[in-house]
Amino acid sequence: MDVDLLRPGTVPISPDTVLWFEFLLDPNLLKSHLSKPNPEPSACELIEEFINVDTKQATSKPTSERIVDVDAPPSPPTPTPGPLQFTRKQLALKILALKVAATLHWNLDIFETKLPPQTQQHLMQDLVYMATDTNFAIPPQDVPVEMFHKPQAQFALTLYHRWVLRFPVKTALYSKSNKLPFVHVPGLQGDTAFSPLNQNFEKILRMCEASRIQSIRYLDSVLSYYETTLGRKDARKIKVPVREAFVHLTEDINDMNHNWNAGDTVISQYELAMQIHFDLCYNYFFYGQHDLAKQHILGCRENSNLLEKEVASYGYGPHKTVPWGEFYYASMTKDDILGYIRALNLGYEVLNEEPSLLQKLQESIANHYTGIIGILQADNLARVIPMVHRDVVELDIQGSASSGAFTVARDLLNRVAALNAVRYSLEGGIPSTHPDFLNKLKTSGIKFFDLLLWAMAPVLMSNLSEKDWENLRVFFLHLATSQYKLPIDRLDEYLKKYVGDASESIRRKLIPDEHLKEILNDPNNIDDENIDIPKELLTDDWETPDFDFKSVPELEMGRLKKRLIEASTADDVRMCLVKLAMMSPTSPLWKLSPSWKPPSSLVNALMALPRGFLQDFGYIVSGTARARLEAGYAKTALSLLSALEGEARSQLGGGSDPNLYRLCRQLSWEVLLLQVNVMLSEWPHHHINLTVLANKCKACIAVATSGDNVVPRPQVLEACWTCLLNACEWEVTGVSGGAGETSAALCAACFELQRGKGARKFPRALWDYALSVYSNGSNVPVKRTAAGMPAHSRDAPNAAAEARNAFNSFLTTLREPLAISVMMSLLARIHNLIINDNSLELNVEYTNLWPPNISNINNYNLKHVLESLTELLERSLRLYPYNTSWLRLYGDVEMAGGRWAAALRRYLCSLAANTWHFTKRAPDEGGIARRAARCCQALCAPTQAAALCQLPDEPDYTIAFKCLAEKTGNAADAMDGYYGCLWDGTLLEVGVALHARRGEGGRRARAVKAAGALELNANNSEDIQREAAAIRRARLLRALTNQYVV
């Protein structure tokens, strides 16, 4: 179990246990306790306990009111603000904590390392409270002049402002070195937690960041105060408060009268200025203000030199030299000062030091790798830069060159890679464990090998140890025996190019003669050009001259039949049939493959032909064409049937064979069907003349209604009506039943809309048919045979499903925008009448031209209507993606289905397409904005909904006020981020009032700033106000588009 020696009652008390109240009763106990070699509890534990012990009592008030929250709402001014009152017990404990801090020489490094953030702040504030004679429980922003000239007050305020500057830096360093746990412990974090999860930590951090400028200003004034005396012979002395300076409270003492003159601990103004300069440099360096950091580190260096001279003359207590690390006040070391001097590139100017190779490397990186080659060459000799830094440089150059961030020399990357490979080999690496090196070698080949020897030349000419030669020897042996073909036999020639006459001796050290001979004689290393390849492998003629081949007719016929089955063009089929006819003229070849299944009309016509070439050719080609059509290759099927039609007409010629004539007519209709399918599949980029195709379709439909004995099949007639519908040939007289009934009814509706005479109303044929499709009862459309006779089904549910599938298949053939809009209006009208809810109605053109009511609405399936409409919208928007009316309708459909995010995305797409990406207003923007706001409400984004309520001509204040009043815990949007998108003054005023009521000071300030924009002033002209509204409207809609669409 945990034992707290400072809290009574947790464990049985032993004679050695020291309780916290004993320090209150015995003034000498604290001194004797801290004089021990290793006091337990330690000094910092005592400070923490003395400051926090009172807050642990159940009846005590927390002291969190001393933590200034810069985001808190400004409180109304009071006539006589009273100072924060402390009990005598609290004051006594604070004095004890300050006594302990004095024994630590007010070392902020110790406080920041071992004390929690809130304890640090309380300790600093308590010192100011005592030093200012209880005038300021919280240090003031502006220090009175008389207070500044009091030594103890100046000392306390200087220490406090030093802590303010150091705290954010220490926080950042702590968060980098200590990762937060992935598992969040439920409940509030304790005050001892040095993490963002601590409820007081964030307030302290924001307070320090907000007070940074005031603290810098105060410390600069302290430096100015003392630097005016730099020319004096003797430096000023500053009194450091010691333990005895803080008078112990007893039951007989009512007032605190501290003895600030107690003790003889004084420091020189040089020590104080040195520490202040260092802390300012520390802060400026963290915030990236390097010029100011340089000024203060030079000031720190100057004061340290003056302090050294002073200590050499007068000493420092018992020390005759500067006691770095043992000052009475300063806490930095000499190495800390030198480190910042070098980090700020002042080493050469101040210390007369040549920069190290690592520093030169960093400077080269900052200057776009200027001089990087020379630095890496020098490091190959010195080997002081860690290899990881060199690898990172190589990767950075590669990334910068590929991204075009800046221009580098063409071979810079390869030279850097070669130099890194040399350093890698000197450290005992081998090529197989360096994949980047192998990639470069594989890509550049001999050129990279030449660069490698260039990079290695200075190293080979230097004074290498036996271990280095062994590492290089192993590296080269691995390289020579690798899979890459390198000119090892010319190694002496390459070396002589870079090392001169010493090439032979160096080569023998790298690869001895016996190893080189063995490598060169290895069969794996023989050049490909010198390989003896057998002549049999150089030709495909492997037939022996004395072997007589005899053709086997059965094998040849089998090969031709296989080729016939695999044929994909009419010419291939023709060639195979001709050859097979010569071998077996009586064999019916159309029976070879079961996959040849021509349409039934063609089968009857082909079977009526006499046995011969045309029957086989027609059956096989038409069957292959049907297979290609079902596989989605309508254009290939069309070419096959066109070839068959040409063959049939060439054989018919001027004859009068009725069977052949019937085949030609059926083929022409099948070709027409395929032409329509090709037109639909390639819409709108087809290359078919719609006028000619429509005339053919009209002729085909006329044949079907003329009572001729040879009529096209229903699928052909449906395709013809589909073609006329999409070709805008709507004046054709419709049919009352049979194939093409739906297309004909839609043609009539489009023709009625196109005429536009008087009070327009759509014909009821299409309306009645659509209602029957979505009916739950037995009133389903009658499925008819090819002759137009009704085909009754004994399974009513299956009949309804078949009718619905047939209707949905018809919807997939719609391509003309007006026809699509009319069909969408029909489905939307059916949905609106069934749902009978104004908030979920679907809005699209022409809905008012359909009948105003439906009888027995419970007999219709709303789900099937929405499914058909959704599929139609998906396909149509792929063809016409910028149709704003359809995009809005799609949003309405998504909203009706409860898919709020998808609906909002469609609404935003509609507005973006209709307004040139929100550069102007859309005609129906108000209605879309209301529906989009409703989606935002459903998505728990009330601030977005409130902002959208501004878009209608008359802002919807009812919904906007309700959204703004939504509790922040229930919202999922960034409330503050949308104040820049509000231009309605009423909404901004309501936002300010709500934040003030909730005590959200930071948000209230942002709302006030947004409302105070000059362009939103009500006295501005209408043009200025309109322009400000347009800018904020575009900003709002683009932000929503980035969130929900992109």
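This tour moves through the structure stop by stop, stating what to select and what is found there.

**Before starting**

The model is predicted: local features need pLDDT of at least 70, side-chain atom pairs count only at pLDDT 80 or more, and totals for chains, interfaces and linings use all residues. Residues are numbered from 1 along each chain as its sequence is written, and side-chain values use heavy atoms, with hydrogens and water left out.

**The whole chain**

Display the entire chain as a cartoon. It has 45 helices and two strands; helices (H or I, at least four residues) and strands (E, at least two) are DSSP runs, numbered from the N terminus. Of the 1046 residues, 46% count as buried. Buried means under 20% relative accessible area, exposed over 50%, and partly exposed in between (1.4 Å probe, protein chains only). Contact means heavy atoms within 4.5 Å. Of the contacts in the chain with a separation of 6 or more, 66% are accounted for by residues 24 or more positions apart.

**Stop 1: proline 41 and helix H3**

Select glutamate 40 and proline 41. The peptide bond from glutamate 40 to proline 41 is cis, with omega near 5°. Proline 41 belongs to the loop between helix H2 (29-34) and H3.

Next select residues 43-52, which form helix H3. Eight of its ten residues are buried, so H3 is largely enclosed by the rest of the structure. The buried residues in H3 are Ala43, Cys44, Leu46, Ile47, Glu49, Phe50, Ile51 and Asn52.

**Stop 2: proline 684**

Move to tryptophan 683 and proline 684. The peptide bond that joins tryptophan 683 to proline 684 is cis, with omega near 5°. Proline 684 is in the loop between helix H30 (658-681) and helix H31 (690-705).

**Stop 3: cysteine 728**

Select cysteine 728, in the loop between helix H32 (714-726) and H33. Cysteine 728 is not a glycine, yet it has a positive phi of about 65°. With 34% relative accessibility, cysteine 728 counts as partly exposed.

**Stop 4: helices H33 and H36**

Select residues 741-755 (H33) and 817-835 (H36). Two packed helices are described by the angle between their axes and the distance between the axes. Here the axes come within 10 Å and cross at roughly 105°. The axes are lines fitted to C-alpha atoms, for helices over the stretch in contact, and angles run from 0 to 180 degrees between N-to-C directions. H33 is therefore roughly perpendicular to H36; angles under 35 degrees count as roughly parallel, over 145 as roughly antiparallel, 65 to 115 as roughly perpendicular and the rest as oblique.

Which residues of H33 and H36 make the contact? Leu746, Ala749, Cys750 and Leu753 come from H33, and Leu818, Ala819, Val822 and Met823 from H36. By class, this contact has eight nonpolar, no polar and no charged residues. In this scheme Ala, Val, Leu, Ile, Met, Phe, Trp, Tyr, Cys and Pro count as nonpolar, Asp, Glu, Lys and Arg as charged, and the others, Gly among them, as polar.

**Stop 5**

Select tyrosine 846, in the loop between H36 and H37. Tyrosine 846 has a positive phi of about 75° although it is not a glycine. Its relative accessibility is 25%, and tyrosine 846 therefore counts as partly exposed.

Then select valine 865, found in helix H37 (residues 862-879). Is valine 865 buried or exposed? At 0% relative accessibility, valine 865 counts as buried. Not counting residues up to four places away in sequence, valine 865 touches Tyr774, Leu827, Ile830 and His831. Valine 865 and valine 773 are 92 residues apart along the chain, and their C-alpha atoms are separated by 9.4 Å.

**Stop 6: helices H42 and H43**

Select residues 957-964 (H42) and 985-998 (H43), which pack at an angle of about 25° with their axes 10 Å apart. H42 and H43 are therefore roughly parallel to each other. The contact involves Tyr957, Ala960, Phe961 and Leu964 of H42, together with Thr986, Leu987, Val990, Gly991, Leu994 and Arg998 of H43. By class, this contact has seven nonpolar, two polar and one charged residues.

**Stop 7: alanine 1028**

Finish at alanine 1028, in helix H45 (residues 1022-1044). Alanine 1028 is buried, with a relative accessible area of 4%. Leaving aside neighbours within four places in sequence, alanine 1028 is in contact with Glu1015 and Leu1016.
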